[in-house]
Amino acid sequence: MNAPSGSGPGTITDAFQRLSAGERQAAEPICRHFFPKLLRVAAATLGRRRSAAVNPEDAVQSAFVTFWKRAEKGEFADDTHREGLWHLLCLITKRKAIRHALTELAQKRGGGRVINESSLRAGTE
C-alpha cells in the first residue's frame, strides 16, 4: 500500500502536487497512505483524554479537511515532498486532536461526561 518514493507518477509527492493544482481525486491516495499513521498520532496525542466524546478518527478527518482546503488554495507550495507533507499532516492532526479534546472536555459541555442511553433508562426505573 506504500507509494513508491520519489516524485514520479503514482507517488505521494505527485498526488500532493496534483491536489495543489486543483485535482481533488489526488487526495484519495494521500488519505489512504497517511490515515492509519495519523490515527496513531491522534490517539497518542489524546492519550488519557480519549473517551466516547473524544475520538482520534474525528481529529484525523478534521485534519484532512483542513489540509485539503488549504492545499487547494496553494498554501503548502514549499512542502511538496513526502517528508514535508508527513510533518505538516502530523502537526495539523496533533492540533486538531488537542483542540477537539479541549472542546469536548470543557465544563460547559459536561466536562467529558457522556451519558449513554442505558444510563438514561436506569434513572427512570
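**Exercise 1. Find the partners of Ala63 in this predicted model: leaving aside neighbours within four places in sequence, which residues is Ala63 in contact with?**

Step 1. Begin by locating the residue: Ala63 sits in helix α3.

Step 2. Now look for its partners beyond those sequence neighbours. Ala63 is in contact with Ile92, Thr93 and Lys96.

Step 3. The C-alpha atoms of Ala63 and Leu89 are 7.2 Å apart, although 26 residues separate the two along the chain.

Step 4. Finally, decide whether Ala63 is buried or exposed. Its relative accessibility is 1%, and buried means under 20%, so Ala63 counts as buried.

**Exercise 2. Describe the overall make-up of the protein: how many helices and strands are there?**

Step 1. Count the elements: the protein has five helices and zero strands. Read from the N terminus, the order is α-α-α-α-α.

Step 2. Turn to burial. Of the 125 residues in the protein, 34% are buried.

Step 3. The accessible surface comes to about 7,800 Å², and carbon and sulfur atoms account for 51% of that.

Step 4. Ask how far along the chain contacts reach. Taking contacts between residues at least 6 apart in sequence, 63% join residues at least 24 apart.

**Exercise 3. Work out which residues of helix α1 are buried, and what covers them.**

Step 1. Helix α1 spans residues 12-20, and its buried residues are Ile12, Thr13, Asp14, Ala15, Phe16 and Leu19.

Step 2. The cover over these buried residues includes α2 (27-46), α3 (56-72) and α4 (82-104).

**Exercise 4. Describe how α1 and α3 pack: what is the angle, and how far apart are the axes?**

Step 1. Recall what to look for. Two packed helices are described by the angle between their axes and the distance between the axes.

Step 2. For α1 and α3, the angle is about 65 degrees and the axes are 7 Å apart.

Step 3. List the residues that meet. From α1 come Phe16, Leu19 and Ser20; from α3 come Phe67, Trp68, Ala71 and Glu72. Sorted by class, this contact has five nonpolar residues, one polar and one charged.

**Exercise 5. Classify aromatic pairs: how many does the structure hold, and why do Phe16 and Phe67 count as stacked?**

Step 1. The structure holds four aromatic pairs.

Step 2. Take Phe16 and Phe67. Their ring centres are 5.8 Å apart and their planes meet at 25 degrees; planes under 30 degrees apart count as stacked, so this pair is stacked.

Step 3. Phe64 is buried at 2% relative accessible area, whereas Trp68 is partly exposed at 25%. Together with Phe35, they form one aromatic cluster.

**Exercise 6. Search for disulfides: how many are in the whole structure?**

Step 1. The search of the whole structure finds zero disulfides.

Step 2. Cys31 is partly exposed, at 21% relative accessible area, while Cys90 is buried, at 10%.

Key: Residues numbered from 1 in each chain as written. Predicted model: local features only at pLDDT ≥ 70, side-chain atom pairs only at ≥ 80, totals over all residues. Heavy atoms only, no water. Disulfide = S-S within 2.5 Å. Buried < 20%, exposed > 50% of the residue type's maximum accessible area, 1.4 Å probe, protein only. Helix = DSSP H or I, 4+ residues; strand = E, 2+ residues; numbered from the N terminus. Contact = heavy atoms within 4.5 Å. Areas by Shrake-Rupley, 256 points an atom, 1.4 Å probe, with all protein chains shown as cover. Phe/Tyr/Trp six-rings, centres within 6.5 Å; stacked < 30°, edge-to-face > 60°. Axes fitted to C-alpha atoms, helices over the stretch in contact; angles between N-to-C directions. Nonpolar A, V, L, I, M, F, W, Y, C, P; charged D, E, K, R; others polar.
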